[in-house]
Amino acid sequence: MAAAGDEPATVEVTLRAVGPSRPTTLRLPPLLSVAELRRRIARDRHLAATEEARLRLVLRGRTLPHQDDAQLNLRDGDTLIVAVAPKPPAKHLRDDDDEEEEEEELKFKIPQTTTWWKRKIFMFLRDKMRLPDIILMVLFSLSMKAWIIIAMWFLFAPIAQKYGLGPLYILGTGFLIILLNLGRRQQGDVRSSTVA
């Protein structure tokens, strides 16, 4: 700490630490950089270099930036609030990273073998249109054949309605879907069978 007689132009600044410690005073030049102020406070508080990097200073209700070139104009009687931010927990102990990883796992991802035009459409719908993942999953899970069948169904629906066959068209579609799915046995399906 410099004595009052060594520097003709010094101001007395009160340092209030967050916590149970008492306020202290420090004599400083009225014009100095934030970096120099940090160094002087760290020296006065006997802080290690790692703690100096986490030092937070509040002057007149505003948090001081970490920029080295920012200049301060201190006045006599100013009060600085001094706090050392706690160390962040170890990476494996953080909950927010786990949540982000789980959220990332649940997001729909298009396969790497997808054609370039499907990939472009996917990027447009996800990034520009901000469609939910469930809709993207439905859109990209169906094959081109399925989309053609769906489009044809919607094309023939007004024709069936025009001839008064709308309800029959819908019921017939339901039975057709059931009949088409009856004969397919997938690997690993459990079905009852009689053993001779």
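Trainee: How many bridges join E1 to strand E7, and do they run parallel or antiparallel?

Mentor: There are 4 bridges between E1 and E7 (residues 79-84), and the two strands run parallel. Keep in mind that this is a predicted model.

Trainee: Okay, which residues stand opposite each other there?

Mentor: Leu-15 stands opposite Leu-80 in E7. Thr-14 has a bridge partner in E7 too, namely Thr-79.

Trainee: And what stands opposite Thr-14 in E2?

Mentor: That's Thr-25. Strand E1 (residues 11-17) and strand E2 (residues 24-28) are joined by 5 bridges, and this pair is antiparallel.

Trainee: What's between those two strands in the hairpin?

Mentor: The hairpin of E1 and E2 has 6 residues between its strands, and Gly-19 takes a positive phi there, near 125°.

Trainee: How does E4 pair with E7?

Mentor: Through 5 bridges, running antiparallel. As an example to look for, Leu-55 stands opposite Val-84 in E7.

Trainee: How far apart are Arg-16 and Leu-57?

Mentor: In sequence they are 41 residues apart, while in space the C-alpha to C-alpha distance is 9.9 Å.

Trainee: Switching topic: what about phi at Arg-60?

Mentor: Phi of Arg-60 is near 55°, which is a positive value in a residue other than glycine. Most residues other than glycine have a negative phi. You'll find Arg-60 in the loop between strand E4 (55-59) and strand E5 (62-63).

Trainee: Is Arg-60 buried, exposed or partly exposed?

Mentor: Arg-60 is partly exposed, with a relative accessible area of 43%.

Trainee: Which loop has Arg-130 in it, and what's its phi?

Mentor: Arg-130 sits in the loop between H4 and H5. Its phi is positive, about 55°, although it is not a glycine. Arg-130 is exposed, with a relative accessible area of 65%.

Trainee: On to helices. What span should helix H1 have?

Mentor: H1 covers residues 34-45, and at 1.5 Å a residue its 12 residues should span 16 Å. The end C-alpha atoms are 16 Å apart, which agrees.

Trainee: Which residues of H1 are buried?

Mentor: Val-34, Ala-35, Leu-37, Arg-38, Ile-41 and Ala-42. Seen down the axis of H1, these buried residues fall within an arc of 160°, so they line one face of the helix.

Trainee: What follows H1?

Mentor: His-46, with a positive phi near 60°.

Trainee: How many of the lining residues are nonpolar, polar or charged?

Mentor: The lining of the largest pocket divides into 9 nonpolar, 4 polar and 2 charged residues.

Trainee: And what volume has the second largest pocket?

Mentor: About 170 Å³. Its lining includes Trp-117, Ile-121, Phe-140 and Trp-147.

Trainee: Which helices supply that lining?

Mentor: Helix H4 (116-128), helix H5 (133-141) and H6 each supply at least two residues. H4 gives the most to the lining of the second largest pocket, with 4 residues. By type, that lining has 8 nonpolar, 1 polar and 1 charged.

Methods:
Residues numbered from 1 in each chain as written. Predicted model: local features only at pLDDT ≥ 70, side-chain atom pairs only at ≥ 80, totals over all residues. Heavy atoms only, no water. Nonpolar A, V, L, I, M, F, W, Y, C, P; charged D, E, K, R; others polar. 1 Å grid on protein atoms, 1.4 Å probe; cavity = no way out; pocket = protein on both sides within 12 Å on 5 of 7 lines; lining within 4 Å. Points joined across faces, edges and corners; volume = space filled by probe spheres on them. Expected span 1.5 Å × (residues − 1). Buried < 20%, exposed > 50% of the residue type's maximum accessible area, 1.4 Å probe, protein only. Arc of directions from axis to C-beta. Pairing = 2+ DSSP bridges.
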